[in-house]
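Here is a short tour to read with the model open beside you. Take it one stop at a time and keep the viewer handy.

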Amino acid sequence: MSNQTHQASDSSKDPAGDPAFLTDWYRIVRADTENQVESLSPEEQNLQSMPDVSPAKWHRAHTSWFFETFVLDVFSKNYKCFNPHFRQLFNSYYNGVGEQFPRSLRSLIACPDAATITGYRQSVDQSMVDLIQSCDASRLQQIRPLVVLGLHHEQQHQELMLTDLKHAFHFNPMARPLGTGHLTSKHGDHALDWVHYPAGIKEIGAGKGEFFCFDNETPRHKVVLNRDFKLANRPVSNGDWLEFIDDGAYRNPLLWLADGWAWVQRQNPEAPLYWRSVDGGWQQFTLAGWRAVDPAEPACHINFYEAAAFAEWADARLPTEAEWETAAAGQPVAGHFASSRRFHPRPPA
């Protein structure tokens with residue numbers, strides 16, 4: 001993601017053009033981040049279980065750094081940065097605004113502590129609210145796209161924070177539960193059927209309109225689907241995956257791409273990430289803790305090699321990006337979202 005965004009050309013139709021709306025939205029998103037970590041100890045906020053994840057404390061600071069660097073420093077008169085060392089410590093990969101602390105070493109940032117990051121967030125929040133509420137219409141139109149981008153960016157990090165905590169917590173039998181999602185559905189798989197989609201010239205990508213999108217989702221453009229295709233009417237379920245496991249698929253080299261089979265040989269997996277075999281059955285780790293695998297739930301934490309092997313085993317193939325976007329475009333935006341606090345896939349209704 002770059003620090004640019006594509007917004008509606010007619011900002012008068014955008015409710016984020018209203019200072020009161022933008023202020024409320026800002027406060028809600030920022031509070032959601034804090035709600036996710038309110039039960040965590042300072043030690044838990046500094047966990048980093050592998051180089052590709054980041055501590056929760058770092059996520060909280062980085063999202064504040066974004067607003068400080070790209071909005072307050074540019075548009076707020078006489079703004080003084082909270083701490084000049086934060087410019088490097090909490091920059092992720094924005095090469096144009098300075099150096100970055102190595103990602104793999106973020107757990108070494110013991111100072112500042114979690115309480116200081118809370119103070120940092122509160123300071124940035126107060127300055128941001130003051131700025132938004134003091135803007136005239138012209139200045140608001142300048143900062144609005146960056147504020148909206150920052151809010152979507154923070155929501156991305158909310159998801160990342162939970163993902164990173166899940167990886168860290170699954171190693172520890174004493175890890176506290178976060179959110180809900182521990183109950184299973186108690187019903188079986190939905191019947192599998194196939195939905196037909198015709199070949200032709202399709203449009204994919206985001207175009208100019210009233211909805212936010214990131215710049216890497218543009219431009220909207222035409223693609224050619226050379227042949228009809230069918231897509232399953234539901235995601236691959238845990239029940240499907242149990243059949244895949246029981247059929248010995250993790251030990252059948254004929255199902256795997258060459259790199260995938262090399263991964264199997266190195267890692268020796270028996271099931272997806274966060275599954276374990278207990279007394280002849282399978283359990284799955286969720287942010288609410290360990291529980292029995294629910295056959296009706298969509299399978300998750302599957303890597304590309306596993307997905308490709310499953311498709312081969314099922315006598316199918318993975319959809320292309322253009323096929324998937326064409327099929328998804330006709331679906332309603334529905335489901336359970338982060339506000340449900342059930343941070344785990346739910347079976348189709």
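## Ground rules

Two strands count as paired if DSSP finds at least two bridges between them. Helices (H or I, at least four residues) and strands (E, at least two) are DSSP runs, numbered from the N terminus.

The model is a predicted one, in which local features need pLDDT of at least 70 and side-chain atom pairs count only at pLDDT 80 or more, while totals for chains, interfaces and linings use all residues. Residues are numbered from 1 along each chain as its sequence is written, and side-chain values use heavy atoms, with hydrogens and water left out.

## A three-stranded sheet

Let's begin with an open sheet of three strands, in the order E7-E8-E9, paired antiparallel. Strand E7 (275-278) and strand E9 (289-292) each have a single partner strand, so one side of each edge strand is left without a neighbour in the sheet. On average, neighbouring strands here are turned by 35° against each other, direction ignored.

E7 and strand E8 (residues 281-286) run antiparallel and are joined by four bridges. If you look for Ser277, its bridge partner in E8 is Trp282. Helix H7 packs on the sheet and touches E7 and E8, its direction making about 65° with that of E7. Touching, or contact, means heavy atoms within 4.5 Å; axes are lines fitted to C-alpha atoms, for helices over the stretch in contact, and angles run from 0 to 180 degrees between N-to-C directions.

Within H7 (residues 238-246) you will find Gly239. This glycine is buried, at a relative accessible area of 11%; buried means under 20%, exposed over 50% and partly exposed in between (1.4 Å probe, protein chains only). From Gly239 to Ser123, 116 residues away along the chain, the C-alpha separation is 49 Å.

Helix H6 (residues 137-169) holds Gly150, which is buried too, with 0% relative accessibility. Setting aside neighbours within four places in sequence, Gly150 contacts Phe66 and Phe67.

## Helix H10 and its cover

Which residues of helix H10 (residues 321-328) are buried? They are Ala322, Glu323, Thr326 and Ala327. Viewed down the H10 axis, these buried residues fall within an arc of 130°, so they line one face of the helix. That arc is taken from the directions from the helix axis to the C-beta atoms.

Glu321 and Trp324, on the other side of H10, are exposed. The cover over the buried residues of H10 includes strands E2 (194-197), E3 (200-204), E5 (221-225) and E6 (229-232).
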